[in-house]
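Here are a few exercises to work through with the model open in your viewer. Try each task before reading its solution.

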Amino acid sequence: TGFMLADQIFMYIWCPWEKLFILHHWATLLYMGAVLWLGTGDLSCCLCICLGEVTNPINNTMAISDLLHSEGLLPPAINRLSAAALCVAFVFIRVLYAPFGVCYVICHYYLVSGAGGHVNLAVRLLWCILPVAVTYVSIDYLRNLVNDVIHDTVNSVARKARDEVTNKKQV
């Protein structure tokens, strides 16, 4: 939880425009905070964290390659390749596995099986809604990332140029 709190603060400082990523961090903090407060739910929390962090090395590679490209130290193809790799990882983890392996399993355990009856219903609902919401947002993020890879607007230099053209069209 300390790492997520520090990461959340850094998000507000360095990339406050990443609204969905910030909401994802708030959802994670809320889930982990409830687990710590109640002293139960740690296995479901670990499952969510593991699946959330398994794509992190690829995401970090994309972020670093984007920074290096914006400084003129790396060709944009490397950034596009890392974005394509993140797309593939997201398809397997967030689209194919998470809806069943996380959302269904957690919701079934806490709402259907009766095994989670020792946890307040409001908390059980929260623990079901948050992974579903994060999975939905991840799939939406993937859709946008695939679009950026297809149109070669993955890196921040390309996105800035695209946004400038879009803003001029709106004026």
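**Exercise 1. Find which residues have the most contacts inside the largest nonpolar core, and which elements supply it.**

Step 1. A nonpolar core is a set of buried Ala, Val, Leu, Ile, Met, Phe, Trp, Tyr and Cys residues joined through side-chain atoms within 4.5 Å. Buried means under 20% relative accessible area, exposed over 50%, and partly exposed in between (1.4 Å probe, protein chains only).

Step 2. In this predicted model, side-chain atom pairs count only at pLDDT 80 or more and local features need at least 70, while totals for chains, interfaces and linings use all residues. Residues are numbered from 1 along each chain as its sequence is written, and side-chain values use heavy atoms, without hydrogens or water.

Step 3. The largest core holds 19 residues, and those with the most contacts inside it are Y31, V35, C45, V102, I106, Y110 and W127. Two or more residues each come from α2 (19–38), α3 (42–53), α5 (76–112) and α6. The largest share, six residues, is from α2. Helices here are DSSP runs (H or I, at least four residues), numbered from the N terminus.

Step 4. Now look at W127: leaving aside neighbours within four places in sequence, W127 is in contact (heavy atoms within 4.5 Å) with Y31, A34, V35, L38, T40, G41, I106, Y110 and V119.

Step 5. A second, separate core of nine residues includes A83, L86, F90 and V154.

**Exercise 2. Work out whether L47 is buried or partly exposed, and what L47 touches.**

Step 1. Locate L47 in helix α3.

Step 2. L47 counts as partly exposed, because its relative accessibility is 26%.

Step 3. Not counting residues up to four places away in sequence, L47 touches G101 and V102. The C-alpha atoms of L47 and G101 are 8.9 Å apart, although 54 residues separate the two in sequence.

**Exercise 3. Examine R124: which side chain of opposite charge is nearest?**

Step 1. R124 sits in helix α6 (residues 121–150).

Step 2. R124 is buried and has no salt bridge, meaning a side-chain nitrogen of Lys or Arg within 4 Å of a carboxyl oxygen of Asp or Glu.

Step 3. The nearest side chain of opposite charge is D42, 15 Å away. For this search, Lys and Arg are positive and Asp and Glu negative; His and the chain ends are not counted.

Step 4. Beyond four places in sequence, R124 touches Y110, L111, G116, G117 and V119.
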